[in-house]
Structures are given as C-alpha cells and as structure tokens.
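Here's a quick look at how two chains meet in a predicted model. Have the structure open as you read.

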Amino acid sequence: MSTHNVPETFSIPVGPLHVALEEPMYFKIDVQGETVSHIDINAGHAHRGIEYLTTKRTMYQNVVLTERICSLCSNSHPQTFAMAAEKIAGIEVPERGIYLRTVADEMKRVTSHLFNVALLVHLVGYETYFMHMMQVREIGQDMLESIFGNRQDIGAMCIGGVRYDLDDKSIAYIKGALDKIEAETKDIIKTFKTNGSILRRTKGVGVLTHAEAITCGVVGPVARASGVDYDVRREAPYAAYDRLPLVVHSLTDGDVWSRAMVRLEEILTSIDLLRVCLRDLPGGPVNINDRPDIPPGQAVTRSEAPRGEVIYYLRTNDTPQPERVKWRVPTFMNWDSLRFMLQDAKVADIAMIVNSIDPCLSCTER
Amino acid sequence: MNFLTIFARNLKQGPQTEAFPLGPAFTPERLRGRIEFNADHCEGCRICERVCPANAIRFAKTPDGMTFDCWHNTCVFCGNCEFYCPTDAIHQTNDWDLSHVNADKFDMVEHGLIPNQKCVECGATALNTAPVIKNAKPPLSAEEYTELRARCPKCRAKYLKNRKVPA
Ligand code: SF4
Ligand code: SF4
C-alpha cells in the first residue's frame with residue numbers, strides 16, 4: 001500500500017470504558033499523527049437517579065444519601081445540603097460545630113488532593129513515586145478512619161452541626177498526623193519542582209489560558225491554576241472560614257503542572273487551617289441536639305469542595321421529604337474546558353490531561 | 001527527602017501493607033461497623049427506624065412484644081441510628097468483619113425483642129420499654145426506676161405526676 005492512501009486524520013475513541021480513564025466518559029478524538037486535532041466529549045453514560053431518590057427520603061436520611069454522591073467530596077455534599085436546610089429553618093449551628101465542620105472539610109481536602117496528584121504521577125509513569133504518594137495519603141486516610149470511623153464517608157455532618165467531637169487525645173493524634181503529612185507534602189512539592197520526568201510530562205501540557213478559563217466558567221483548582229483567583233471559602237465564607245487565615249493559591253500557566261501545584265500548595269494551607277481550628281476550638285455543644293421539622297421554603301447554598309464550587313438548591317414542603325434537591329458540581333463546569341486543554345495535545349497525554357481536572361463523574365452523572 | 005532516603009527508610013520499616021489475614025488489621029476504636037442493639041435500653045420510640053436511610057431497621061409487633069431487626073447486609077454503616085437514638089440502645093461496634101458464607105446470608109441480622117409485660121398497676125399488657133426519664137427532676141432512684149418500668153405508659157405518666165418531689 002502506498003503511503004498516500006493512508007488518511008491524514010484518524011478518529012480514536014477514548015472511553016466510555018477505557019484503560020486510562022477510571023470513569024465513564026466518552027471522547028471521540030481526531031488525531032493527526034500523534035496530535036489531537038478535534039475532540040468530541042460525550043457524557044451521560046451513567047445515571048444513578050440520586051436526585052430522584054432524595055425526594056423519596058426524609059431530610060435526615062438525605063444527609064447520608066448526599067454523602068454518597070461522591071466519595072472524595074463526600075463531606076462537601078452533606079455539608080452544603082445541611083447548610084441549605086439550616087437556612088430554610090433558620091437553624092444556627094453552635095460555634096464548636098462550625099469549627100468542627102471546617103476541620104472535617106479540610107481533612108477531606110488534604111486526602112482528596114493527595115489522591116489526585118498521586119494519580120497524575122501514576123499517569124506520568126512514575127510508579128514508585130505514585131506508591132509513595134499513596135502511602136502519604138494513607139496517613140490522612142488512617143486519620144479519617146480514626147476520627148470519624150470511616151475512610152471515605154466520614155459521616156461528620158448533620159443538620160444543625162456535626163456528629164463527632166474531638167478530645168485532647170484525638171487533637172494530639174491529628175496534630176501528629178498533620179506534621180507527618182506536611183513534611184511529606186513539602187518533599188513532594190520539591191520533587192514536582194525538580195524532577196525531570198514530571199516536569200517534562202506536565203509543564204506546558206494541557207494549557208487552559210486565563211481567557212479560556214473565564215469562557216468555560218471553570219471552578220476550583222482548575223480555575224486557580226489558570227489565574228482565576230476565586231475560592232468560595234473566601235468569596236462567600238461558610239463554616240469558620242471568615243475567621244481563618246485562608247490563603248488562596250493561584251498560578252498563571254494553566255498547565256497540568258500548575259493544577260497539580262495549586263493542589264499541593266492547598267494541602268499545606270489546609271494543614272495550616274486545621275492547626276488554627278484545633279488551637280481556637282471553642283467549647284460548647286457540637287450540634288443543636290434536636291431534630292426539628294424543616295418548614296416549607298427554598299434555599300441555595302454553596303461551598304468549596306476539593307474539586308471546586310458545589311452549589312445546592314433545596315426546596316421543601318410540608319412533608320418530611322424535600323420537594324426538590326439539585327446540585328451543581330464542579331466537574332460539570334470543568335469538563336468543557338477539556339476541549340481547550342486537549343486541543344493539539346499528544347495522544348499519550350490525554351489521560352493525564354483528563355485527570356488534571358480531577359473529574360468526578362459519580363457526582364456529575366448522578 | 002530524595003528517593004534514596006525514602007528507599008532506605010522503607011527498607012528499614014518493612015512493608016506498609018497490612019498483614020491481614022495473617023495478622024491483625026488496623027482497626028481504630030471509633031470505626032463505625034456492625035450494629036449492636038440492646039433491648040434493655042430501648043425506649044421503643046422507633047426514631048432509629050425513621051432516620052435509617054437504608055431501611056435496614058425494622059420493628060414489628062408480635063404476640064411476645066416488639067421485635068427489632070437490623071439487616072447487616074442492608075446497613076450502610078452511616079451511624080444515623082446511633083446518633084439520633086435518645087438512649088444508647090443502638091450503637092455501632094468497631095467490628096468490620098461481616099464476611100460470611102452464602103448459606104448464612106439470612107442470619108446476618110441483629111435481632112432483639114422488647115418483651116410484653118403486665119402493668120403492675122392496671123394489669124394491661126404493654127411493652128417493657130425503657131422509660132423516658134430524661135426530663136425527670138430530680139433523677140429517679142433505682143427503685144423508682146424499677147417501679148416505673150413495671151408499668152404501662154398510662155400508669156407511668158400517672159406515676160411520674162404523683163411522684164413526691166422533695167422541695
Ligand atoms: S433503639 Fe433507640 S432510637 Fe431505636 S427505638 Fe430504641 S430508643 Fe428509639
Ligand atoms: S448505621 Fe445507618 S444504615 Fe445502618 S442501621 Fe444505622 S441508620 Fe441504618
């Protein structure tokens with residue numbers, strides 16, 4: 001066969017079940033040689049029916065159900081849901097509960113970010129370091145399991161406060177674990193800044209410019225890595241964030257490396273916030289110690305999940321079940337930006353770029 | 001830390017993976033595992049049944065009293081029941097090992113019975129639940145508790161009302 005019979009562009013399907021993608025998303029990718037020339041993103045391969053289910057459960061059962069929407073943002077969902085219910089019912093969370101909500105939120109952020117960056121290292125092909133990073137994350141997972149009783153669905157939230165409490169022993173334990181994670185994370189950051197293999201694979205790859213980031217309306221670390229200096233914790237503080245020395249990290253390059261670096265820096269910030277929370281933890285009850293009926297009404301609340309802004313809309317009526325619960329999750333905003341990131345990318349980088357938006361389809365295609 | 005240092009440290013520490021099943025698995029005290037029910041402390045309020053998101057808890061009226069069943073294979077270990085239970089009648093142990101052979105699948109149930117009793121005052125048949133005494137002031141003595149518990153709900157209310165409260 002002569003070479004001029006070979007078409008210049010090929011179409012390759014990536015997903016919805018694919019070795020390099022953990023989640024059911026379908027990309028139809030046109031390639032020219034090794035380079036991506038056109039991307040079609042097709043979502044909607046899974047439907048879990050959770051929005052419908054929430055209207056079949058009572059408000060108090062839904063705190064548990066919303067926690068199971070996403071395993072890595074599993075604290076942000078019930079928290080935002082509870083915030084909406086509290087807004088409708090005019091419930092005020094006690095001061096100690098507010099701080100403990102922040103503690104739970106930041107602990108989850110640490111382990112979620114470590115997981116994403118570890119996966120990036122895995123996709124870069126640096127397996128040994130991937131194992132090492134997962135081991136660092138394991139310190140955080142053990143911490144979650146020891147404090148909350150579960151590695152993922154930590155069950156910290158309830159309407160009106162939190163379900164757990166800390167004593168001197170557990171505070172000392174958390175502090176010890178944070179020290180370990182902090183030292184290791186600093187090393188990981190150093191490695192990310194110096195290691196040739198990581199730099200070569202991630203620098204200047206999958207770029208999302210500031211203008212494109214604004215066009216797509218991206219949120220979370222994806223936005224911050226493209227110079228969009230936006231964090232719900234600062235813009236619309238909830239829990240105890242208005243009293244904490246929150247540093248919002250943003251970079252300007254918008255490449256895979258920047259997104260990983262924003263996450264790594266945020267881990268250090270989360271650890272700082274946790275230390276301040278544990279130091280300033282006020283006394284008193286952790287929740288309202290009641291199970292009031294939520295009156296009819298509607299509310300919108302939002303919070304900064306590890307992947308970015310999550311928004312809840314809740315409408316209640318006279319029944320114990322909500323009339324409608326709707327949430328907008330960060331991945332829904334972020335995946336459109338893949339069109340820009342994947343344009344002119346190398347085929348070998350596709351999985352890495354997709355991973356860099358920290359996609360979560362279990363909450364997007366609920 | 002450069003990689004050689006990590007390597008040396010890991011060599012010294014040995015494998016990070018747990019030795020289970022050849023050794024014990026990491027099990028924190030607070031781990032939320034298998035449900036345990038204590039019928040003696042139960043007030044029969046059935047709040048746990050209502051807040052359970054998985055419908056794992058079922059109460060049923062039988063000739064002997066009220067039965068409690070919690071299906072471990074339906075339970076999602078969320079801990080809502082324990083959290084909202086006004087007494088500590090239901091709680092999550094840190095036992096996570098629920099593996100069992102298929103033949104035993106219908107035995108994976110925590111079962112309890114709140115038995116019927118005859119009210120010592122009026123003779124009516126009523127459940128021998130733990131009395132609700134959270135708001136009783138001053139707190140009941142042990143004898144008072146036993147006396148109260150032996151009554152039906154109506155006579156319990158009467159008993160608490162007529163209780164001589166020292167000034
Ligand atoms: S176990 Fe607790 S919540 Fe359930 S019925 Fe008994 S007292 Fe009520
Ligand atoms: S732990 Fe949760 S799912 Fe299990 S019985 Fe209790 S309320 Fe139901």
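## Where the chains meet

Counting contact as heavy atoms within 4.5 Å, 34 residues of chain A touch 23 residues of chain B. Together the two chains bury about 2,300 Å², with 46% of that on carbon and sulfur atoms; buried area here is the accessible area (1.4 Å probe) that two parts lose on being put together, summed over both. On the chain A side, Gln61(A), Arg163(A) and Arg291(A) give up the most area to chain B, together 25% of what that side buries.

This is a predicted model, where local features need pLDDT of at least 70 and side-chain atom pairs count only at pLDDT 80 or more, while totals for chains, interfaces and linings use all residues. Residues are numbered from 1 along each chain as its sequence is written, chains are lettered from A and ligands numbered from 1 in the order in which they are written, and side-chain values use heavy atoms, leaving out hydrogens and water.

## Charged links

Two salt bridges run between chain A and chain B, each a side-chain nitrogen of Lys or Arg within 4 Å of a carboxyl oxygen of Asp or Glu. One of the partners to look up is Arg9(B), which pairs with Glu184(A), their closest N and O atoms being 3.0 Å apart.

## What chain A brings

Helix 2 (59-67), helix 5 (127-148) and helix 6 (168-194) of chain A each supply at least two residues of the side that touches chain B; helices are DSSP runs (H or I, at least four residues), numbered from the N terminus. Helix 5 of chain A gives the largest share, nine residues.
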